[in-house]
Amino acid sequence: MSPEAAAHSPQLDPILVGRVIARFRREKGVTQEVLSGLADIGRTHLSAIENGDRKPTLETLYRLSGALNTSMSTIVLEIEREIARQAGT
């Protein structure tokens, strides 16, 4: 990939992803401690994801969606909606 093409590749904002995951967690009424336990990930890992310091892998997103009793696609669609809102479309 040329440097010009790489410069125009869409980038996924980890802060936005974290906000969406945190919103799903709050809507379910669970703490980070509970969700991380249900998803079998560390609480500090979940905190880093929600703060945008780490990007969740597909495996982690799958575990979180299962723990939140929702589909991975529902979370991804919400992330896409937030991206569109930020872009003003």
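Exposure is classed by relative accessible area, computed with a 1.4 Å probe on protein chains only: buried means under 20%, exposed over 50%, and partly exposed in between. The model is predicted, so local features need pLDDT of at least 70 and side-chain atom pairs count only at pLDDT 80 or more, whereas totals for chains, interfaces and linings use all residues. Residues are numbered from 1 along each chain as its sequence is written, and side-chain values use heavy atoms, with hydrogens and water left out.

A salt bridge is a side-chain nitrogen of Lys or Arg within 4 Å of a carboxyl oxygen of Asp or Glu.

| Pair | Closest N to O distance |
|---|---|
| Arg23 and Glu78 | 2.9 Å |
| Arg63 and Glu59 | 3.0 Å |

Helices are DSSP runs (H or I, at least four residues) numbered from the N terminus. The salt bridge between Arg23 and Glu78 connects distant parts of the chain, helix H2 (residues 14-28) and helix H6 (residues 72-87), with the two residues 55 apart. Arg23 is partly exposed at 25% relative accessibility, while Glu78 is buried at 13%.

Arg63, partly exposed at 33%, pairs with Glu59; both residues belong to helix H5, 4 residues apart, about one turn of the helix. Glu59 is partly exposed at 46%. Asp40 is exposed, at 60%.
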